[in-house]
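Here is a short briefing to read alongside your viewer. Please have the sequence and the 3D view open as you go.

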Amino acid sequence: MRSNHTIDMASSCWGNPAKYHRPMSQNGASSALVGQPALDHQWYPVALCEDVDPGPHGVRVLGRRYVLWHPEGESITAAPDRCPHREAPLSDGRMVDGCLECPYHGWRFGAGGRCESVPSAAPGTPVPPKAHLDTVAVEERYGLVWLCPGTPLGRIPDIPQEGDPEFRRLNTPFQHWAASSTRITDNFMDFSHFPFVHTATFGLAQETVVPPLEMGGLPNGFRGYAYEVNANNTTDAGQAVTGEDDDVLRRRMTTGYVLPFSVRSTIAYESGLEHILLLLTTPTDDVNSLFTFVVWRNDDFSVPAEEIMQFDLAIGAEDKAMLEKLEGVLPMDLTATVSVQSDRPSVDWRRSLAALLAEGAAA
Ligand code: FES
Ligand SMILES: [Fe+2]
C-alpha cells in the first residue's frame, strides 16, 4: 500500500497555489540563491583539475564569473573574470610563459593574481598596485577544483575512500543542467522517484512504497538515511557496474548530504562490492547548475572506467530530463509544496538549507 502520510510540519496550508512559485524561505527572506550571503562562504566544485591544465577556464558561480588558471609551478589560481584594465574577460585570454595573458591589451597575471607585465609600459615602469587581481579561495580535491567565493566557512565533503588503496576513483566531465541546484539536491535525497524516472536503468524492480526513513548522522559528517532496495540488473552497462548477472540485486544503501548541495550515496552489494557516489551540484545562478559526480569502488579494477561510468551517466541523464522540466527555485517555504513521509530526507535537507540561508541573512 502506498504510504501517504504527511510529515509533521505544522501548517494548515499544504500546497497553497498562491505560494507555489514564490521563492520565500521560512523566515520570509528570499530563497533565491544568488545574493544569499551564507552561500558565498561555501565550497563549490567547478572544474576537473585537467580542465585547468593550464587554463584559462571560465566558470560561473552564483551569478558571478571567475577565471581559473594554473601558473607554472604553482597551484591553481581563481579570480573574478574581469581584467582590472578595461574589464575584458580573462577567461578568453591564453597562457603565455606560465602566465594568464589578457586578450585585450596583453597584461599578464601570474600566481596569486599578480600582474607581471603591462606590454604598453616602457621597461622598468612599475606595475600599478591596483593591477593585481583579487583572488578567491581554491582547493584541489578528488580530481576537482573547488572554489569558495567568500571567506570559507563551509567544508568540502570528506571521502575517506580517496586514500584507500582498495578503492579507485573515477571522474566525469562537468555538465550544465538547466535546473536549480535546489531541485537537483532535493532529487538526490529522494528515492521515491526511482521506479518512475529510472525506468531504463535500475528503477523498475523497486517497490513504489517507501518504508519509514530515519534521518540521522552518517559516517564522515553526512546527514541522511540507510535503506535497502531491489535494483534491476538486466542491462549490459548495469552488469558491468555490479559485476553480477542476476536480473535483480539487493542493494544496501545510504544517502546523505553535506550543505549546501553535496549528496553522497553509498551502495553495498552482497558480493562485497562497494560503490560510493558523490553527487555534486554548483549553482551557476538560481535556475542553472553545474553537475558532476565522482565514484569510488573497491572492485578489481578490471572493467574500464568508461564502462563503469556509462551506467551512472545514464541514471544522471534520467534525472536531468525530469529536473529540467521543473521551473524556478524549489521554495524553501515547506508549506509551498506538499510533502509525504517518503519526502522526509529531502525535507530535512531543505530545512537545513533554509536555516543556513536564514543564519547568513541574519548575520
Ligand atoms: S582589458 Fe585586459 S589588458 Fe586591457
Ligand atoms: Fe534519480
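Among contacts in the chain between residues at least 6 apart in sequence, 62% link residues at least 24 apart; two residues are in contact if their C-beta atoms, placed from the backbone, lie within 7 Å. The model is a predicted one: local features need pLDDT of at least 70 and side-chain atom pairs count only at pLDDT 80 or more, while totals for chains, interfaces and linings use all residues. Residues are numbered from 1 along each chain as its sequence is written, and chains are lettered from A and ligands numbered from 1 in the order in which they are written.

**Overall dimensions**

- A compact globule of 363 residues would have a radius of gyration near 21 Å, and the 22 Å of the chain agrees with that (taken over C-alpha atoms; the globule rule is 2.2 Å times the number of residues to the power 0.38).
- Along the principal axes, the C-alpha atoms fill a box of roughly 80 × 55 × 30 Å.
- Of the 363 residues in the chain, 41% are buried (20 or more other C-beta atoms lie within 10 Å of the residue's own, with C-beta atoms placed from the backbone).
- The secondary structure comes to 6 helices and 18 strands, which are DSSP runs numbered from the N terminus (helices: H or I, at least four residues; strands: E, at least two).

- The domain assignment gives domain 1 (43-148) and domain 2 (162-362), with bounds that come from an automatic or database domain assignment.
- Taken over C-alpha atoms, the centres of domain 1 and domain 2 are 33 Å apart.
- Domain 1 gives 11 residues to the contact and domain 2 gives 13 residues.
- On the side of domain 1 that touches domain 2, strand 1 (44-48) and strand 2 (57-61) are the elements that give two or more residues, and strand 1 has the largest share, 5 residues.
- That side of domain 1 has 8 nonpolar, 2 polar and 1 charged residues (nonpolar: Ala, Val, Leu, Ile, Met, Phe, Trp, Tyr, Cys and Pro; charged: Asp, Glu, Lys and Arg; polar: the others, Gly among them).

**The sheet that holds strand 1**

- Strand 1 pairs with strand 10 (residues 144-148) in the antiparallel sense over 4 bridges, and tryptophan 146 in strand 10 is the bridge partner of proline 45.

Notes:
Two strands pair if DSSP finds at least two bridges between them. A residue is buried if 20 or more other C-beta atoms lie within 10 Å of its own, exposed if 12 or fewer, and partly exposed in between; C-beta atoms are placed from the backbone.
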